[in-house]
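Please look over the structure below.

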Amino acid sequence: MKYCTNCLYPNTKPDLVFDAEGVCSACRSFKERSDVDWEQRAKEFKEVTSRYRSKDGKNYDCVIGVSGGKDSTYQVIRCLEAGLNPLCVTATTCALSDIGVRNLDNLERLGVDHIEVTTNRVVRKKLNKFCLNEVGDISWPEHVSIFTVPVRIAVQMNIPLIIWGENPQNEYGGPAATGKSKHLDRRWLEEFGGLIGLRITDLIGVEGLTARDLIQFTYPDDSELERVGVTGVFLGYFYRWDGFTNALYSQAFGFETFATNVEGSLTNYENLDNYQAGIHDYFKYLKFGFGRATDLANNHLRRGRLNRADAVILARRYDGKFPWTYLGRKLEDILADIDMTVPEFVAVCDRFTNKKLFRTNNAGELIKDRDGNLSLITPLT
Ligand SMILES: [Zn+2]
């Protein structure tokens, strides 16, 4: 493993490229933000929204996909400040947490209409378990539905504009052209929207699932998108995007943070809405050797709020801990939802662990401490 000379990202991170100076593409695209004329971008936002908003006020001005988290709360506040009448749409998370419920309630109190789409729980559990077993990603159905459900609603209700949050290809690194994009379309979704090599059609036949079980996970047809003229834009293209200040801003409007730092994370203000999120992040660590704490340390580091040496200490302290609890809920209770035991879970973890990245004994078995934690062959420095 090789690490970026500016931030903490390793070269194992998918879609990340390093330049001759050893600086990663996420750092490069962040630097380009300092050249952005944000006043001009704010004007552009006004132009875009006035072009698409309902002319006679009989329909909504835009759709916003919301989880009730810091970013979507911030998006709603910004859109209300801009005088828009948004329709907020939630694709319910796989295992909605108590704090997640309260934050969705808070979002409604901001003064918006809100539709919550909760997909079939029986189907969802099958998908969670299958995707964990097959691609090492328990959150696959959630990461698909948060991109398909708002688009489906936009089509059905004839609302052409969808306002998304940040472009993750910009904040977390990815091919340059997609990082700069202000649009989210089907091509973006298929390449980066969390599909990781599994298509919806691959799921037909799994555990008896049929196409009619997967309607909400299906992106609308091109012809439907064209009929309504659906356009998705990233708010992070128009406004300087920072998860930390989004949280600060949202807190002033009732957004609730967790009492302590979230397990495996560096902060108390994000990934609060799904008990399974800790498992998702842990698998990223097993596959690529870095976790959510690294992502967050990098966000602070690039904005000058942490120096690299301190960021290293924090990331090493939090990253990659075996997820015994998440948001205070015990792993065995989280797994009970998908009919899996802790030993079965550990076996899945071991199967997806990249053995080139973690220490093993002479027999080729992973070396773990008494809490089940692995150790990297090339620790972050
Ligand atoms: Zn970097």
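## A pair across two strands

Leu87 stands opposite Asp113 in E3. This is a predicted model, and residues are numbered from 1 along the chain. Strand E2, residues 86–91, pairs with E3 in the parallel sense. Five bridges hold that pairing.

On another strand, Val63 stands opposite Leu87 in E2. Here four bridges join E1 to E2. These two strands also run parallel.

## The sheet

What is the strand order in the open sheet? It reads E3-E2-E1-E4-E5, and the pairing is parallel. Strand E3 (113–117) and strand E5 (231–234) are the edge strands. Each of them pairs on one side only. From one strand to the next, the twist averages 25°.

Helix H3, residues 70–81, packs on this sheet. The helix touches strand E1 (62–65), E2 and strand E4 (161–164). The direction of H3 makes about 160° with that of E1.

Is E2 largely enclosed or open? Six of its six residues are buried, so E2 is largely enclosed by the rest of the structure. A residue counts as buried when 20 or more other C-beta atoms lie within 10 Å of its own. Pro86, Cys88 and Thr90 point one way from E2. Leu87, Val89 and Ala91 point the other way. All of these residues are buried.

E1 is covered on both faces. Cys62 and Ile64 lie on one side, with Val63 and Gly65 on the other. All four names on that list are buried.

Ser54 sits in the loop between helix H2 (38–52) and E1.

Leaving aside residues up to four places away in sequence, Ser54 touches Asn59, Tyr60 and Asp61. Ser54 and Leu161 are 107 residues apart along the chain. Their C-alpha atoms are separated by 9.8 Å.

## A helix pair

Two packed helices are described by the angle between their axes and the distance between the axes. Take helix H14 (residues 292–302) and helix H15 (residues 308–318). Their axes come within 9 Å and cross at roughly 160°. That angle makes H14 roughly antiparallel to H15, since angles over 145 degrees count that way. The crossing of H14 and H15 is right-handed.

Which residues meet between H14 and H15? From H14 come Ala293, Thr294, Ala297, His300 and Leu301. From H15 come Arg308, Ala311, Leu314, Ala315 and Tyr318.

## The whole protein

The secondary structure of the protein comes to 17 helices and seven strands. Its radius of gyration is 21 Å, close to the 21 Å that the globule rule gives for 381 residues, so the protein is as compact as a globular protein of that length. Taken along the principal axes, the C-alpha atoms fill a box of roughly 70 × 50 × 40 Å.

Of the 381 residues, 43% count as buried.

Key
Predicted model: local features only at pLDDT ≥ 70, side-chain atom pairs only at ≥ 80, totals over all residues. Rg over C-alpha atoms; globule rule 2.2 N^0.38 Å. Buried ≥ 20, exposed ≤ 12 C-beta atoms within 10 Å, placed from the backbone. Pairing = 2+ DSSP bridges. Axes fitted to C-alpha atoms, helices over the stretch in contact; angles between N-to-C directions. Contact = placed C-beta atoms within 7 Å. Parallel < 35°, antiparallel > 145°, perpendicular 65-115°, else oblique. Left-handed = near helix turned anticlockwise from the far one by under 90°.
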